[in-house]
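User: Hi! I've got a structure open here and would like to talk it through with you. Could you walk me through it?

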Amino acid sequence: METLFQRDLDDLIKGIRQQQIKESLFISKAIEEIRREIKSTDLPTKSAALQKLSYLSSLHGADMSFAAFHAVEVMSSPQFFYKKIGYHAVTQSFNDDTPVILLITNQLRKDLNSSNQFEVSLALECLSRIGNVDLARDLTPEVFTLLSSSKVFIKKKAIAVVLRVFEKYPDAVRVCFKRLVENLESSEPVILSAVVGVFCELCLKDPRSYLPLAPEFYKILVDSKNNWLLIKVLKIFAKLATLEPRLAKRVVEPICELMRRTEAKSLLFECIRTVLSSLSEYESAVKLAVVKVREFLVDDDPNLKYLGLQALSIIAPKHLWAVLENKDFVIKSLSDGDYNIKLESLRLLMSMVSESNVAEISRVLINYALKSDPEFCNQILGSILSTCCRNLYEVIVDFDWYASLLGEMVRIPHCQKGEEIEHQIIDIAMRVKDVRPALVHVCRNLLIDPALLGNPFLHRILSAAAWVSGEYVEFSRNPFELMEALLQPRTNLLLPSIRAVYVQSVFKVLIFCAHSYLLHKENISSVNTDNLASEVPESVFARMSCENSDFATSEAPASSEQHDSFNPRNINQSFGDLSIENGGDATVSNGQASTSASLGRNSFTHESIVNLFNIVELALGPLSRSHDVEIQERARNVLGFTDLIEQEILNPVVQGEENLARAETEASRVVKLMCDAFSEELGPVSTSAQDRVPVPDGLLLKENLADLETICGDIQLPLSSSFSLSSTPLGEAVDISRTNLQSKDETEPSHESTSLLAEHRKRHGLYYLASEKSEGASNDYPPANDPMSQDKLNDDAEDLLKLTEQSLAPKKKPNQAKPRPVVLKLDGDEISIAAKKPELKGDLLSGVVQDVLLGNDGVPSSSRSNRSENLSGKSKGKEKLSTDLSLETKENVPGEKMPDHVNTSSRRSKHRSHGKERRQKGQGKDGEEKEDNGQKEKRKSNHHRGKHKAHQRADEPLNVVAQTPVIPDFLL
Amino acid sequence: MIKSVMVMNTQGKPRLAKFYDFQPVEKQQELIRSVFGVLCGRADNVSNFVEADSIFGPGTRLVYKHFATLYFVFIFDSSENELAMLDLIQVFVETLDKCFKNVCELDIVYNYSKLHTILDEIIFGGQVLETSSIEVIKAVEEISKLESASNAIALVSKSVSGWRSR
């Protein structure tokens, strides 16, 4: 009765299409129905339900795990129609976690042995999709048998299934590998293509193991006319040629021949890719390939154009000329309608970037970004940023330009690269001392623009800008304006964490202003008015250029010595600008101001300072009750500071001149202390710095926390100048007291922790670059007069194609140029840059394959004994040698003499002999006997092999020679 | 290795989805949706390749072809050639065309299991085993014959029981 009313798959599909009710509702109803039907004992009903369920699962995402057992039942039906439905469901839904997967082993075995080739095919398909360790192990004998099937239809699938079996159960290699290799000489193209396909996959994972098969592949490369096959063989050679130069030499000519001859674009592209990726040392081959790439580029088919660009990006790192030769196409493709092509040409363009053309390329791209859609715009910005910061900004010579470029990026409407720009602004500010004035100017422009506060994507950049402006406030042309920008009402749009940075910057600016004001006062009250004009700016700038935190002690020599070395451009520039910008809002009280220098000094007048304090108190007052602790704490710090010095600074009018001087000493002492605290320069800290500090022997990290404070206080002793360990960019407030402490106690050594301290210092020397060392690093860079094409910077209307002619061609560089500023390097940076060595993973499969291949091809005994010698030292003591094999041992290892080594080598040969034995048995089609030969022993031997491999890898350099498999004679 | 084959219409409704690495059904649906999200934004005259790293992990590529109301999508890794995959889509579609005589979307909707049979003859566990549509059709026809022969008994019994109960 059930069958009558049951809907079959067609009815279900019709029902879904009609959609009388909502689709999801219809499907859940159908599944209810299926749940009922699938329990039926009637096979047709059950299988129809299962088929429907497979359909719903595949296309509508219905869960079918509940039907796993039913699928097994249907699959074991003798009727092909149902069996196929069952297999389809099992193949589609089973995975390693399916509990009933163990139940299908016997059914699979039965079907693999079936006389009906289509049943065998179903079972093979199933094994290739869901085969796990158990299935692969248990069915290896059947697969082995099928590998020599007379039916091509079966044989090709048996070959393909071997891939899964090897992957899951590497020991199957010992059984099946030989038969697989034999098929490389098959005359049947379908079989050949299947087996080459398998080797192509295997080579991708571990090419080295298959080097001994090179002659077979070579034969196919030369003889075959089948494009599909040739593509796969080329992929194999692309892997093998990089491992064995002699092989590369051998295949390069046939590949070029193929490249000239073939009509098929797919094969042609594969040849190009192989040459460009693996045979790039062969000039003539590369040239030919580049000619062919050009054909692709000029083709109308966007597919070929795209692949052509991709081929160029493969070769770009090694032969940049190939890209330069085709630069017209690359740049034209930037405006292609196809996003892929645009992206690819952007990548290529970035690969062309060098010191001399980075400015022009960036200019063109920025203009391009302005015009393009948001997605591509951000792609462009992202690639400019990542290219420019590569290897510690190695392509950037003019950092002032780069700072302005960053500022410009922020102005691009679609810019969403907040995080990267934030990071780079802070990074270059810390690393490159010379860029700071320009960067501060750029940051000021960002901060004063209220519009930018409205764009949440830019908030992180503003945070960086605020930090830079505060940290390097001494370069600011107008601190008052900066203060207003930092306190503008729209800053309430910022996230609390960013707002906290703003408040901290306010603190720094405030202290700077107060300090400058006090210095100015002191100098006024000092008798020598003649020196005034030069003295004040000097002492202010002494602080800027002075590296050491110890401002107080170094002031006197610094002001005399460093004046000369200080870049006069900065002074002139900042003062010149001050006079312009301050013209309006700064209160010029003294008529005596005539020089620009005195005007700058006079901006710190009493009124302006009072005004400043008022603004700060007004703006931060509400924030001291903020709910965010960061903001609240910082705001209170600032307010506490203003309270402390306000009265003394701000009420000079009521006091007489003499009183004034005395009263202000207290305030100026506080201000000076604070100023010193902030003048400690923050250096970049290597990301791996923390890891590299080992815990000292006697130190228990969880005890004696009280003692830690004294230790920490001393860490900062300025022995290595500009780097501070513990001050993070945002957390200086915490350091103030510590630094104060330090400046007092500087001269006395702390007695309690001398030994620990010594160790710390030692480590400081080791892990944090001292200033001398960083200068040493700068020697790696091009010398000071390294050229830089300044003249081009001004050329704003660079047209795309003009660019191609001018900037990309090698040209004479003008002599006049600014020296590249020092970029601080850290140990950790280099680590992150250095290419990671490919890790050798303990691949079981490759181990077995090598074993089998070497066994087959006969290794020269010298290399084998070499191997065992390496092993012997480490595997001693674990020996459980079965002596009955010793005879065989001696035969197998003729070169072996030293008694120490006999053990290991005999064990090795034991394993090999096992492998052989098994192979022979396998050839005898004796599947049953193999089973009883013992899984245990098999596993054990495999286990040992694994261990051996691990040892070998441990002393890898020694083994290089031994590990290289035999290269067949034909190569030599 | 081919990772996945999808056929979907221009509204994003999947018509066939095959994953050669096991994926949970939810993940399958998500992948289908994200592939459609990429494809529907692409114009007709652009290249047939899409970088699929963000969807299927690093190193995977996607080739698709647009026929009438359907997208045919193959996803594969670096051991396949892009242009060869494009040809393979052509082989697949040609085979369908021969099997169904001017294939249209409806044929594909209603012949779900035959579609799988055809595809399984071309791609076996992610590896391409047959590129000749003639060979594929030969095998598929034999399989269909075998299916209907084994099903005949069941069909008869079903219709007889249906007859009786009327």
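Analyst: Happy to! One term before we start: two residues are in contact if their C-beta atoms, placed from the backbone, lie within 7 Å. Also keep in mind that this is a predicted model.

User: Good. With that cut-off, how many residues does each chain put into the contact?

Analyst: Chain A contributes 53 residues and chain B contributes 46 residues.

User: Which helix gives the most on the chain A side?

Analyst: That's helix 10 of chain A, residues 152–168, which supplies seven residues to the side touching chain B.

User: And what classes of residue are on that side of chain A?

Analyst: The side of chain A that touches chain B has 26 nonpolar, 14 polar and 13 charged residues.

User: Let's look at chain A as a whole. How many helices and strands does it have?

Analyst: Chain A has 51 helices and zero strands. Of its 972 residues, 42% count as buried. As for contacts in chain A between residues at least 6 apart in sequence, 73% of them join residues at least 24 apart.

User: Can you pick out a helix pair for me? At what angle do helix 25 and helix 27 of chain A pack?

Analyst: Helix 25 (residues 399–411) and helix 27 (residues 436–447) of chain A pack at about 15°, and their axes are 8 Å apart. Angles under 35 degrees count as roughly parallel, so helix 25 and helix 27 of chain A are roughly parallel to each other. Helix 25 of chain A passes helix 27 of chain A in a right-handed crossing.

User: Which residues make that contact?

Analyst: From helix 25 of chain A, they are D400(A), A403(A), S404(A), L406(A), G407(A) and V410(A). Helix 27 of chain A brings A438(A), L439(A), V442(A), N445(A) and L446(A). By class, the contact between helix 25 and helix 27 of chain A has seven nonpolar, three polar and one charged residues.

User: Nice. Switching to chain B: what is the strand order in the open sheet?

Analyst: The five strands of that chain B sheet run in the order 2-1-5-4-3, with antiparallel pairing. Strand 2 (14–19) and strand 3 (49–51) of chain B are the edge strands, each pairing on one side only. From one strand to the next, the twist averages 15°.

User: How many bridges join strand 1 to strand 2 there?

Analyst: Five bridges join strand 1 (residues 2–9) of chain B to strand 2 of chain B, and the two run antiparallel.

User: Which residue in strand 2 of chain B is the bridge partner of V5(B)?

Analyst: V5(B) has K18(B) as its bridge partner in strand 2 of chain B.

Terms used: Residues numbered from 1 in each chain as written. Chains lettered and ligands numbered in written order. Predicted model: local features only at pLDDT ≥ 70, side-chain atom pairs only at ≥ 80, totals over all residues. Pairing = 2+ DSSP bridges. Helix = DSSP H or I, 4+ residues; strand = E, 2+ residues; numbered from the N terminus. Axes fitted to C-alpha atoms, helices over the stretch in contact; angles between N-to-C directions. Nonpolar A, V, L, I, M, F, W, Y, C, P; charged D, E, K, R; others polar. Parallel < 35°, antiparallel > 145°, perpendicular 65-115°, else oblique. Left-handed = near helix turned anticlockwise from the far one by under 90°. Buried ≥ 20, exposed ≤ 12 C-beta atoms within 10 Å, placed from the backbone.
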